[in-house]
Amino acid sequence: MESQQAHRKDEHLSLATATYQRAHAHHYFDQVRLIHNALPEMAVKDVDHRVQLAAGLQLEWPFYLEAMTGGSNQATKINRTLARLASKHHLAMATGSLSVALKEPATRPSFTVVREESPAGIVIANLGADASLDKARDAIRILNADALELHLNAAQELVMPEGDRDFHWLANIAHLVDELDVPVIVKEVGFGMSRSTINQLQAAGVKLINVSGRGGTNFAMIEDRRNHQIDLTDLADWGQTTPEALLEARKSRSRATIVASGGITSPLDVIKAGVLGAQAVGVAGYFLNILIRDGAAALDQALTDWQTEIPRLLTLLGCRNFTELQQTPFVLTGDLYSYAQQRHLI
Ligand code: FNR
């Protein structure tokens with residue numbers, strides 16, 4: 001018999017798939033247009049697709065499997081398949097929050113399977129931003145993790161009947177960044193970040209920020225479908241889209257490394273996120289959907305396709321590596337242009 005927390009993890013998995021189609025009605029990266037370069041003056045073989053996020057944290061590819069699951073039998077199976085594919089494709093992978101593994105040690109194999117399947121790969125642990133230093137160290141140790149993600153999920157918690165109601169996180173984040181000896185990435189879970197949030201994180205010493213914006217998985221909708229107690233569908237459009245959040249982060253690029261996630265569904269999205277300033281891109285819901293709906297072979301093929309297309313798109317833009325994308329000109333259209341103007345971001 002699995003615990004309540006394990007049951008919640010399974011509900012997240014099934015609802016993330018069920019709500020994904022609807023969430024995906026808007027594709028916010030369409031409002032970012034790139035300028036074609038008819039004279040690339042380079043070859044696809046010139047592309048170096050590696051990205052350096054921090055000392056000791058180099059990814060072979062600019063996209064990775066973003067934090068999703070752990071804590072139940074179904075999560076074990078999903079993590080095993082994801083980690084196998086991550087290892088095969090030399091992709092980094094983050095696990096879902098290890099808080100359940102710390103509370104219920106019996107669930108640990110659902111996380112450690114990731115390290116077993118990807119013994120030499122980059123594995124990123126995940127916890128809430130209120131985690132104590134001891135818990136953070138335990139989570140890193142359990143996975144022999146290369147980095148730790150701390151998630152900011154106030155909107156999600158407030159939608160959950162059993163969720164937290166107190167969000168004093170900044171001092172703890174500063175303490176963890178100071179004390180831990182692996183890189184710490186502070187991430188949202190799909191509601192994005194503002195310039196002031198990013199500035200506050202930087203002032204607290206955070207060097208790696210994943211703005212994780214709206215446009216893909218939507219935890220307001222997932223939790224709303226789980227509880228039915230109060231109608232929270234009006235939060236369906238809450239938060240910054242991923243392109244908006246990347247624009248919010250643009251002026252901070254020299255002081256922190258910016259990572260994107262939220263609604264990334266194609267190699268072109270990865271490239272556009274790079275143009276807007278992301279140094280790496282996490283993908284959760286889109287890959288989970290392929291795996292659950294179409295199976296592991298389909299996800300394997302999708303990863304192969306992305307790894308073929310990303311170097312070609314970099315070549316088309318005349319970029320020898322992912323960081324050079326930041327020099328690529330772009331045009332914003334529609335709501336995104338209006339947002340950028342009103343927020344004085346361009
Ligand atoms: C998530 N996400 C997430 N994030 C996190 O920091 N800790 C977690 O435990 C989870 N759990 C989780 C479960 C499931 C089923 C999904 C789909 C997602 C959020 C995820 O890492 C990411 O920030 C958002 O999903 C936005 O990216 P996508 O899904 O739009 O690519």
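**Close-up views of a predicted model**

E41 counts as exposed, at 64% relative accessibility. The structure shown in these views is a predicted model.

**View 1. E41 in the loop between β1 and β2.** The loop that holds E41 runs between strand β1 (32–34) and strand β2 (51–54). Phi of E41 is near 55°, a positive value in a residue other than glycine. Most residues other than glycine have a negative phi. With a relative accessibility of 64%, E41 is on the exposed side of the cut-off, because exposed means over 50%.

**View 2. N144 in the loop between α5 and β7.** Strand β7 covers residues 147–152, and N144 is found in the loop between helix α5 and this strand. Phi of N144 is positive, near 50°, in a residue other than glycine. N144 has 55% relative accessibility and counts as exposed.

**View 3. The whole protein.** The secondary structure of the protein comes to 14 helices and 12 strands. The radius of gyration is 19 Å, close to the 20 Å that the globule rule gives for 346 residues, so the protein is as compact as a globular protein of that length. Taken along the principal axes, the C-alpha atoms fill a box of roughly 60 × 45 × 40 Å. Of the 346 residues, 58% count as buried. Among contacts between residues at least 6 apart in sequence, 74% join residues at least 24 apart. The accessible surface comes to about 14700 Å², and 50% of this belongs to carbon and sulfur atoms. The protein has 32 positive and 39 negative charges, whose mean positions are 3 Å apart.

**View 4. The largest nonpolar core and L98.** This core has 111 residues. L59, F63, L98, I173, I209, V211 and F287 are those with the most contacts inside the core. Not counting residues up to four places away in sequence, L98 touches F111, A125, N126, L127, A139, I142 and L143. In soluble globular proteins, nonpolar side chains tend to be buried together.

**View 5. Helix α4 and its cover.** Helix α4 spans residues 109–117, and its buried residues are S110, F111, V113, V114 and R115. The cover over these buried residues includes helices α2 (73–88), α3 (99–103) and α5 (133–143). Strands β5 (93–94) and β6 (123–128) are also included in the cover.

**View 6. Q307 in helix α13.** Helix α13 comprises residues 296–316. Q307 has a relative accessible area of 13% and is therefore buried, the limit being under 20%. Leaving aside neighbours within four places in sequence, Q307 is in contact with W61, F63, H89 and L91. F63 is also among the residues with the most contacts inside the largest nonpolar core.

**View 7. H12 in helix α1.** Helix α1 consists of residues 4–23. H12 counts as buried, at 11% relative accessibility. Beyond its neighbours within four places in sequence, H12 is in contact with Q156, F219, I222, E223 and R226. From C-alpha to C-alpha, H12 and T69 are 8.6 Å apart in space, while 57 residues apart in sequence.

**View 8. F330 in strand β12.** Strand β12 is made up of residues 330–332. Leaving aside neighbours within four places in sequence, the contacts of F330 are V32, R33, L34, I35, L247, R250, V275 and L276. A separation of 42 Å lies between the C-alpha atoms of F330 and S110, which are 220 residues apart along the chain. S110 is one of the buried residues of helix α4.

Conventions. Residues numbered from 1 in each chain as written. Predicted model: local features only at pLDDT ≥ 70, side-chain atom pairs only at ≥ 80, totals over all residues. Heavy atoms only, no water. Core = buried A, V, L, I, M, F, W, Y, C linked by side-chain atoms within 4.5 Å. Buried < 20%, exposed > 50% of the residue type's maximum accessible area, 1.4 Å probe, protein only. Contact = heavy atoms within 4.5 Å. Helix = DSSP H or I, 4+ residues; strand = E, 2+ residues; numbered from the N terminus. Rg over C-alpha atoms; globule rule 2.2 N^0.38 Å. Areas by Shrake-Rupley, 256 points an atom, 1.4 Å probe, with all protein chains shown as cover. Lys, Arg positive; Asp, Glu negative; His and termini not counted. Charge placed at Lys NZ, Arg CZ, Asp CG, Glu CD.
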